[in-house]
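Hi,

Here is the structure I promised to send over. Have a look first, and my notes follow below.

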Amino acid sequence: MDPHAWKRPFYLLTAGQTVSLIGSSAVQFALIWWLSAETGSPLMLALAGLLAFLPQLVLGPFVGVWVDRLRRKRVVLAADLFQGLVATALAAWFLIGAPPAWAMCAVLGIRAVGGVFHTPAIQALIPSLVPPDQLVRANGVSQFLQSGAFLLGPVLGAVLYGALPLWLILLTDLVGALAACGTLAWIPIAETPAPAARRAGFFREMRQGLAVFAEDRQLFSVLACTMGAMVFYMPLSSYYPLMSSSYFRVSPALGSLVEVLYAAGMMGAAALLGARGQLRRPLHTAVLGIALVGVTSLVSGLLPATRAAFWVFAAACGLMGAGANLYGVPVTAYMQRTIAPEKLGRAFSLMGSVMSLAMPVGLVVSAPVAEREGVGSWFLATGVASLLLAALNGFLLHRLGRRPEGR
């Protein structure tokens, strides 16, 4: 067989998903901007963020069972179309009259339901297209394009918001969904979901998904330490603007550079991993990613409030983005390679739900600290915690490393 035969369908799938992600990111930006302009209420924005976050936390553990029971290609198609149709329905509402702010928050939450199904389904679908020894490369390419989409989407959303009515901007989500579905529909994918006669029962299948992590002690140690690090790390996304505006006192234009460099760092790390291909020890690479996040957070927390130090902060954020993908790509590829295909949906869905706990827990803990001691103190705490957890994780991997990773 042609060893490169996987590339055409994979790149076709990835291209369609990237177009869809750009459209979704542009719509997300436009909705948040509209909500901010219409209400001017931090409480309403916090409610919107909470409603967009809750579906993964609440539905994630259950969704994985359905992802493994059904044909994942159909799940991805349905999830993409669902998000596009929700945006279309909201566009129709705007044509009739502007909806109230609470309805906009609800729509953000409803759109997020599609993502709860989409993410584990497409992560579980990739091994059906890509050979095991090419999974790191494939995930590197995918993350490179996704990072670019997250960078381009808000820019496109800002341009469209200034030039077009919101109902028309919302239709870009439908256009992106149709592009993703159109490319995926043409790709033949061999899937063999478990027949109904062989299913063990809904909650027993959920426990089987959880048992995947208990059976692989190396993976469990990495994810457990990562969960601890994420409690510190996840709130930083809310504190970048405060560091730029309140601590370093730079203009909004310079402040936006931090976000751009973070995305560029993610793209750089993904491109490097995609070019490298195989990793002999993917979980050890993931620990290096956590350590890089720790070093850059530590440096950011120690910087003085000067204009020159801001440039160091911006560069550190770029490397922090690289650390995020240096962790994410190897772990995803490792799971795709080592977990039984019929359990992948449950594994990715459960992992997403557990990791999603980090944001609310982190915000509850970090907010009073940042309020009392300053935002920089949380960057410093994140650096110390991440480095300690990376060191602990490295020690655990050494102790558990009698069997090779990716066995």
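A quick word on helix geometry before the findings: the axes here are lines fitted to C-alpha atoms, for helices over the stretch in contact, and angles run from 0 to 180 degrees between N-to-C directions. Keep in mind that this is a predicted model.

With that in hand, take helix α5 (residues 135–163) and α12: their axes lie 9 Å apart and the two pack at an angle of about 135 degrees. That makes α5 oblique to α12, and their crossing is right-handed. On the α5 side, the contact is made by Leu-135, Val-136, Asn-139, Gly-140, Gln-143 and Ser-147, which meet Asn-325, Val-329, Thr-332, Ala-333, Gln-336 and Arg-337 of α12. Sorted by type, the residues of this contact come out as seven polar, four nonpolar and one charged.

Leaving aside residues up to four places away in sequence, Phe-379 has contacts including Tyr-240, Met-243, Leu-298, Phe-313 and Met-320.

Most residues other than glycine have a negative phi. Arg-249, however, has a positive phi, near 55 degrees. Where does Arg-249 sit? It is in the loop between α9 (236–247) and α10 (252–276), and Arg-249 is exposed, with a relative accessible area of 64%.

Cheers

Key:
Residues are numbered from 1 along each chain as its sequence is written. This is a predicted model: local features need pLDDT of at least 70, side-chain atom pairs count only at pLDDT 80 or more; totals for chains, interfaces and linings use all residues. Side-chain values use heavy atoms; hydrogens and water are left out. Contact means heavy atoms within 4.5 Å. Helices (H or I, at least four residues) and strands (E, at least two) are DSSP runs, numbered from the N terminus. Angles under 35 degrees count as roughly parallel, over 145 as roughly antiparallel, 65 to 115 as roughly perpendicular and the rest as oblique. A crossing is left-handed if the near helix is turned anticlockwise from the far one by less than a right angle, and right-handed if clockwise. Ala, Val, Leu, Ile, Met, Phe, Trp, Tyr, Cys and Pro count as nonpolar, Asp, Glu, Lys and Arg as charged, and the others, Gly among them, as polar. Buried means under 20% relative accessible area, exposed over 50%, partly exposed in between (1.4 Å probe, protein chains only).
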